[in-house]
Amino acid sequence: MIRTEGLTKRFGSVLAVDDVALDVAPGDIYGFLGANGSGKTTTVRCLLGLVLPTDGRIELMGRPMPKSGREVLPKVGSLVEGPAAYGHLSGHANLTLIDASGGRPGGPLGGGRRDRADRARRALEVVGLGDVGRRPVRAYSLGMRQRLGLAAALLRQPELLVLDEPTNGLDPQGIREVRTLLQELHAAGTTVFLSSHLLAEVDQLCTRIGLLDRGRLVLQESLATLRAPTGRTVVVTPDAARAAQVLGPAVDHLNGQRLLVRAADPAVVNARLVAEGVPVAELGPERRSLEEVIEERTSARRPGEVAR
Amino acid sequence: MIRVELVKLFGRRRTWVAIGLLNLLPTLVCVLLAWTRIAPRPGQGPAFLSAVLANGSLFAIAALAIVLPLFLPIAVAVVAGDAVAGEAQGGTLRYLLVRPVGRTRLLVAKLLSVVAFVLLGVVTVTAVGFVVGHFLLGDAPLSQAMVSISGSLLTPEQVAWRTVAAILLVTFSMLGVAAMALFLSTTTDSPLSATLGALAFLIGSSLLLTVDAARPLQPYLPTRYWLSFVDLYRDPILWSSVTRGIALQAVYVGVLLLAAWANFTTRDVTS
């Protein structure tokens, strides 16, 4: 769906994106992670042909970008760096204007001038703005604007959604609604490329992640692989000292009541501890959280270093 | 796309306020003339103003001459300067481009909507000028329906087509400003900078026209032939300034639009 090779973008002396090779397969919900200023938005802009890369190749749906933008972009819905709309017009009027701009794609995305108002109304309903009516966007709250941006992205029932921080400004309930919406769209066959710095959001939604650190893609892996058991077992016991004695050199790490044991099968560890009469409070395979993975792969910002 | 741009431009209150203000100044002048009956002496003040007391219908042309030096170019610079930079500032430019709207196409649509605005402005100024002149100043007796600047009589048909020609010429004269503002509009994300830049270009040109030392430059200044539409009302028409003005504007418009296109189609949209 999305493939880049050696994607590089330089703004003057600043290397914003450095040799990035993204690979997003059809059907993925791809979480594109990175700290503020790591180059996420620039990458997204490159994908959509807004920013022209200094070097490298981009393919969207197998077609080169930005050359084939005219054929590919009608099948892509996007939200780039926050929503934008004409403040003096209503949400509905904004959507019809967006719909009327640009060519009229054929096929299932098509539909002409006549169902324009209908399409806009449906998109508004999907994002929960159906009742807002004729109020001008100027009077919308941040959350409502965000929803309107999503509605614009969904207007043509895209095959690929490229969303940059889609839950920015939404309240917890709104975030849940967006998550549900994205899951529904994904179930209906839409590929989602979600750029975010919110780990929780990505953790709950995505099937694959890419991690950007200072313009470089330092990790690209399926979430299941990242969270697979590490081959160690976590033991929590009130009598940590005795447990360490029993397990001997297999203990990697002891911290208070918590031990990390080099053993893939928790059942075996449990049996040994119980046989020696060591009380076990908790026991299970060690899994790394997304946060730990990210922390490990991202070089820490030096004190005083400015996020760009 | 052009339809969408026209809806956007003429759906905004600001556009209509600009056109209203454009008509306010000549109307005010007309009211003052009708009230005081003090017209500038021939050869002084805006063109044609000395003749309108004798023939109110002439005020249509006088109104054009009143708004041409400053009011009209300001309105044009505001609209054209806002064209691309305004979308960039509002963030809507990126959503237009990923819709996708081709960059060349967007630029052409913006240009055409600016042209439509200029044309509407010029036509309304002429029409409103004609109406207020007709009612406030009164018509001359039919025998001297219209006296050309050269002193001979012009038939109403002659006046009509010359006025149409004047409207087109003034519109075309404004395209130089429009192209400049549009070019600047593609280089910045601030509509204000684009508008002020275009106005600086204009004021610079007008200023150099008053400096004798700049005489070698003067035939190439964009505002040099702006008032040449007055020559359309000479008998016979004095074509030299008109054609030179058209050629000069065509060069400015061509070069600036090409620059706007080259810049806009190759630039990173980071707004």
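**Figure 1. Helices H2 and H3 of chain B pass each other in a right-handed crossing.** A crossing is right-handed if the near helix is turned clockwise from the far one by less than a right angle, and left-handed if anticlockwise. The model is predicted: local features need pLDDT of at least 70 and side-chain atom pairs count only at pLDDT 80 or more, whereas totals for chains, interfaces and linings use all residues. Residues are numbered from 1 along each chain as its sequence is written, and chains are lettered from A and ligands numbered from 1 in the order in which they are written. Helices (H or I, at least four residues) and strands (E, at least two) are DSSP runs, numbered from the N terminus. The axes of H2(B), residues 13–36, and H3(B), residues 59–67, come within 9 Å and cross at roughly 120°. This angle makes H2(B) oblique to H3(B). Axes are lines fitted to C-alpha atoms, for helices over the stretch in contact, and angles run from 0 to 180 degrees between N-to-C directions. Angles under 35 degrees count as roughly parallel, over 145 as roughly antiparallel, 65 to 115 as roughly perpendicular and the rest as oblique.

**Figure 2. The contact of H2(B) with H3(B) is formed by nine nonpolar residues.** On H2(B) the contact is made by B:Leu22, B:Leu25, B:Pro26, B:Val29 and B:Cys30, and on H3(B) by B:Phe59, B:Ala63, B:Ile66 and B:Val67. Two residues are in contact if their C-beta atoms, placed from the backbone, lie within 7 Å. No polar and no charged residues take part in this contact. Ala, Val, Leu, Ile, Met, Phe, Trp, Tyr, Cys and Pro count as nonpolar, Asp, Glu, Lys and Arg as charged, and the others, Gly among them, as polar.

**Figure 3. B:Val122 is buried in the model.** The residue belongs to helix H6 (residues 103–137) of chain B. B:Val122 has 24 other C-beta atoms within 10 Å; a residue is buried at 20 or more, exposed at 12 or fewer, and partly exposed in between. Apart from neighbours within four places in sequence, B:Val122 is in contact with B:Ile167, B:Val170 and B:Thr171. B:Pro26 is 96 residues from B:Val122 in sequence, and the two are 12 Å apart in space, C-alpha to C-alpha.

**Figure 4. Helices H3 and H4 of chain A form a right-handed crossing.** Their axes are 9 Å apart, and the helices pack at an angle of about 125°. H3(A) and H4(A) are therefore oblique to each other. Residues of H3(A), including A:Leu95 and A:Asp99, meet residues of H4(A), including A:Ala120 and A:Arg121. The contact of H3(A) with H4(A) contains 6 nonpolar, 3 polar and 4 charged residues.

**Figure 5. A:His88 is partly exposed and is in contact with a residue of chain B.** A:His88 lies in the loop between strand E7 (76–79) and helix H3 (91–100) of chain A. The count around A:His88 is 14 other C-beta atoms within 10 Å. Leaving aside neighbours within four places in sequence, A:His88 is in contact with A:Pro136, A:Arg138 and B:Arg12.

**Figure 6. Chain B is in contact with chain A through 19 residues of chain B and 21 residues of chain A.** Helix H1 (2–10) and helix H5 (92–97) of chain B each supply at least two residues of the side that touches chain A. The largest share, 5 residues, comes from H5(B). By class, this side of chain B has 9 nonpolar, 5 polar and 5 charged residues.
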